[in-house]
Amino acid sequence: MATKIRLQRGGRKSYAFYRIVIADARAPRDGRFTEKIGTYNPNTNPATVELNFERALYWVECGAQPTDTVRNILSREGVYMMKHLKGGVKKGAFDEATAQKKFEAWKADKQNGLNKIAEAEAKAKKDAAAAQLKAEKAQNEEQAKKVAEKKAAEAAAKAEEEAAKAAEAAAAEASAEEAPAAEAPAAEAPAAE
């Protein structure tokens, strides 16, 4: 029986979630499988992989053929690196302890690379947020300036209007004072007779 390591789709529409399974090569994608060795969630950034490392290594050493996507996943997780190192141990190139040290060094280097990528993403996100905040502040200042100009124009128009009303009132008062003064001598004249 030819065995394959493949992805079995799950999840809802437009949100795929996969199980990494060992299945007969003739079985359909979502059909019967021999063993589930992990999960793969491509919806997160970076993609989340949970893998039973020992079982994956066992099946790769047994000759199970992975699909392209699963091969990439297994390679990223270090299954093929460990297979390569175990091959070196079998040939006598180095011992098991050296192979384990090399694998740990590879894994640490891989993790450092992932951490650097995550830090760069976080820094880019922070810089983008700072730039957006700066642009928002500039826009708010511009808006405040326009509002202040509008209020100043309204205040100036109101002051002009009040000044015009005050001038009219003063003119009306002045004319009202002149009119009684002119009427007062005429009123006094009949009383003098």
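Two strands are counted as paired if DSSP finds at least two bridges between them. In this predicted model, strand S3 (residues 35–41) and strand S4 (residues 48–51) are joined by 4 bridges and run antiparallel. Asn-41 stands opposite Thr-48 in S4, and the bridge partner of Tyr-40 in S4 is Val-49.

The S3 and S4 pair belongs to an open sheet of 5 strands, arranged in the order S4-S3-S2-S1-S5 with mixed pairing. S4 and strand S5 (65–66) are the edge strands, each of which pairs on one side only.

Two helices lie across this sheet. Helix H1 lies across S1, S2, S3 and S4, and runs at about 115° to S3. Helix H2 lies across S1, S2, S3, S4 and S5, and its direction is at about 95° to S1.

In soluble globular proteins, nonpolar side chains tend to be buried together. The largest nonpolar core of the model contains 23 residues, and those with the most contacts inside it are Ile-5, Leu-7, Ile-20, Ile-37, Tyr-40, Leu-74 and Val-79. At least two residues of this core come from each of strand S1 (3–12), strand S2 (15–24), S3, helix H1 (53–62), helix H2 (68–77), helix H3 (79–91) and helix H4 (96–192). H1 supplies the largest share of the core, with 5 residues.

The surroundings of Ile-5 illustrate how separate parts of the chain meet. When neighbours within four places in sequence are left aside, Ile-5 is in contact with Ile-20, Val-21, Ile-22, Ile-37, Trp-59, Val-60, Ala-64, Gln-65, Pro-66, Thr-67, Val-70 and Leu-74.

Which residues of H2 are buried? They are Val-70, Ile-73 and Leu-74. These residues lie on the same side of H2, because they cover an arc of only 95° around the axis. H2 is followed by Gly-78, which has a positive phi near 95°.

Key: Residues numbered from 1 in each chain as written. Predicted model: local features only at pLDDT ≥ 70, side-chain atom pairs only at ≥ 80, totals over all residues. Heavy atoms only, no water. Core = buried A, V, L, I, M, F, W, Y, C linked by side-chain atoms within 4.5 Å. Buried < 20%, exposed > 50% of the residue type's maximum accessible area, 1.4 Å probe, protein only. Contact = heavy atoms within 4.5 Å. Arc of directions from axis to C-beta. Axes fitted to C-alpha atoms, helices over the stretch in contact; angles between N-to-C directions.
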